[in-house]
Amino acid sequence: KPNGVFILDCSLYPEHVTAIIDVITEGTPFQAIKESSTKIKLTKPKITDELRQTLKRKIKQLGNNAIDSIRNHRNAADASIRGSGISRDVSTVLMDTVHSIFLQNQAICKELIKEKEKNIESDLIKG
C-alpha cells in the first residue's frame, strides 16, 4: 500500500466496523472508509499547520479533562474522609496523602501535554 494508507482488519468484530469508523473519524485526523464487511482503509491526512494547531488544542483539552477528573476524584475522597467520622489527625493525614497523589498525577498530565505538543511540532509528524 502507498505511504500513509493502512488497512485495519476487523474480521474478529465485523459487527463493530461502523462504530470503529465513527470513533476513528471523530477522534483522529485519519480518514476511515469501509473497504468490505471486515476491512477499514485508513488514510493519513496531510499534516497542515491548521491540523497541527487543531491537534494541539485537542491534546490540551484532553489533558485538562484528565486533570479535572483527577481533581473531582480528590474532592470526592476529601468529602468521604471528612464525613467518615474518623479523628481529625487521621483525616488530615489521609487528605494530605490524597492531595499529594493529586499533585503527582496533575504534574504527570501536564508533562504529557507538553510532550505531545512537542511531538506534533517535531519532524516525526510533519509532512
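**Surface patch, ring contact and cysteines**

Leu 94 lies in helix α3, which spans residues 88-121. Helices (H or I, at least four residues) and strands (E, at least two) are DSSP runs, numbered from the N terminus. The model is predicted: local features need pLDDT of at least 70, side-chain atom pairs count only at pLDDT 80 or more, and totals for chains, interfaces and linings use all residues. Residues are numbered from 1 along each chain as its sequence is written, and side-chain values use heavy atoms, with hydrogens and water left out.

Leu 94 counts as partly exposed, at 36% relative accessibility. Buried means under 20% relative accessible area, exposed over 50%, and partly exposed in between (1.4 Å probe, protein chains only). Together with Ile 86 and Val 90, Leu 94 forms a nonpolar surface patch of about 220 Å² accessible area. Patch residues have over 30% relative accessible area and no salt bridge; nonpolar side chains are joined within 5 Å, like charges within 9 Å. A salt bridge places a side-chain nitrogen of Lys or Arg within 4 Å of a carboxyl oxygen of Asp or Glu. Areas follow the Shrake-Rupley method with a 1.4 Å probe.

The charged end of Arg 74 sits over the ring of Phe 102, 4.4 Å from its centre. The rule requires NZ of Lys or CZ of Arg within 6 Å of the ring centre and within 35 degrees of the ring normal.

Cys 10 is buried at 6% relative accessibility. Cys 109 is buried at 12%. The disulfide count is zero, with sulfur atoms of a cysteine pair required within 2.5 Å.
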